[in-house]
Amino acid sequence: MVGNYINTIMKYLVSVNETGIEFFSDENTSILEQAEINGYSLKNGCRLGACRVCKLKLLTGNIEYIGSKKIGLTESELKENYFLPCCAIAKSNILCELDGDGVTLSNTKEGGVICDVKRFLGITILRFNLSKKSKMSFIPGQYIGIEVPNGKCRYYSIANIPKNDGYIEIHVAKNKNGVFSDLVCEKIEINDVLWIYGPYGDFIAKNYDEVRDIVFVVTGTGFAPVKSLIESYNFYRRKIHLFWGGRKKK
């Protein structure tokens, strides 16, 4: 006799101490990404486990790293039960604590209608309009999450500055077997709809009274947030040096 097996994805409750923030996280999605899906923006940076910006302190419960990505934590931080939610999943109900001021409420997901698609040299420049009633407000340098067909999110920096016309521009590089990049670079067309989360991130202009030169070092589509910053920032007293690298000469 052949039995019927049900593949159940376990979900666990993640609570942030003294904030009232609670959300469920499954074993297939990082805690950081699940927080964002539920409308909370955890402070973060590289999303790869290196920069330590997103670290939280685990008070109770168990987590597990996706692979072995905990390279950003020091030995003392590990002993004090800090962990990196960008590359960790919950393995039980957990209670954690912020490392300083690290969580803000973000908008729930909104629909964006594709209004312009430009493709060249493996890069797609995608623009989409938000609803006139949209509550999404971003700061140059921030990024958004876009829901992809498998239900997860892919994250892209916003390449334009905030205007009253309500559009957002992102730059997408074609990656081999990329869940979203294949869709964008080959199939997506004007009037298609994307579901968007955010905005997130604190790679934003600071110290407006500073007078020293600014140096940006970027590669490929990493130019997107820098483009937004340069277009928005009042640099009348400062020189900008941009180093933009690429894999090809074109």
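The following dialogue examines how terms are applied to a predicted model.

Trainee: Why is Cys87 called buried?

Mentor: The relative accessibility of Cys87 is 4%. Buried means under 20%, so Cys87, at 4%, counts as buried.

Trainee: What makes Cys96 buried?

Mentor: Cys96 has a relative accessible area of 1%. That value is set against the cut-off of under 20%, and therefore Cys96 is buried.

Trainee: How do you know that Cys87 is in no disulfide?

Mentor: The structure holds 0 disulfides. For Cys87, the nearest cysteine sulfur is that of Cys86, 3.7 Å away. A disulfide requires two cysteine sulfur atoms within 2.5 Å, so at 3.7 Å Cys87 is in no disulfide with Cys86.

Trainee: Why does Asn191 count as exposed?

Mentor: Asn191 is found in the loop between α3 (181-187) and β15 (193-200), and its relative accessibility is 59%. Exposed means over 50%, so Asn191 counts as exposed. Its phi is near 80°, a positive value in a residue other than glycine.

Trainee: What makes β4 and β8 paired strands?

Mentor: Strand β4 (residues 56-60) is joined to strand β8 (residues 94-98) by 4 bridges, and the two run antiparallel. Pairing needs at least two bridges, so with 4 bridges these strands pair. Within this pairing, Lys57 has Glu97 in β8 as its bridge partner.

Trainee: What makes β2 and β6 edge strands?

Mentor: The open sheet has 5 strands in the order β2-β1-β8-β4-β6, with mixed pairing. Strands β2 (21-26) and β6 (82-83) each pair on one side only, and these are the edge strands.

Trainee: Which residue classes line the second largest pocket, and which domains contribute?

Mentor: The second largest pocket holds about 450 Å³ of space. Of the 21 residues that line this pocket, the closest to its centre are Gly45, Cys46, Arg47, Tyr143 and Ser157. By class, the lining has 11 nonpolar, 6 polar and 4 charged residues. Domain 1 (12-98) and domain 2 (108-200) each give at least three residues to the lining.

Notes
Residues are numbered from 1 along each chain as its sequence is written. This is a predicted model: local features need pLDDT of at least 70, side-chain atom pairs count only at pLDDT 80 or more; totals for chains, interfaces and linings use all residues. Side-chain values use heavy atoms; hydrogens and water are left out. Buried means under 20% relative accessible area, exposed over 50%, partly exposed in between (1.4 Å probe, protein chains only). On a 1 Å grid over the protein atoms alone, a cavity is a set of points where a 1.4 Å probe fits but cannot get out, and a pocket is an open set with protein on both sides within 12 Å along at least five of seven lines; lining residues have an atom within 4 Å of a point. Grid points are joined across faces, edges and corners, and a volume is the space filled by probe spheres set on the points. Ala, Val, Leu, Ile, Met, Phe, Trp, Tyr, Cys and Pro count as nonpolar, Asp, Glu, Lys and Arg as charged, and the others, Gly among them, as polar. Domain bounds come from an automatic or database domain assignment.
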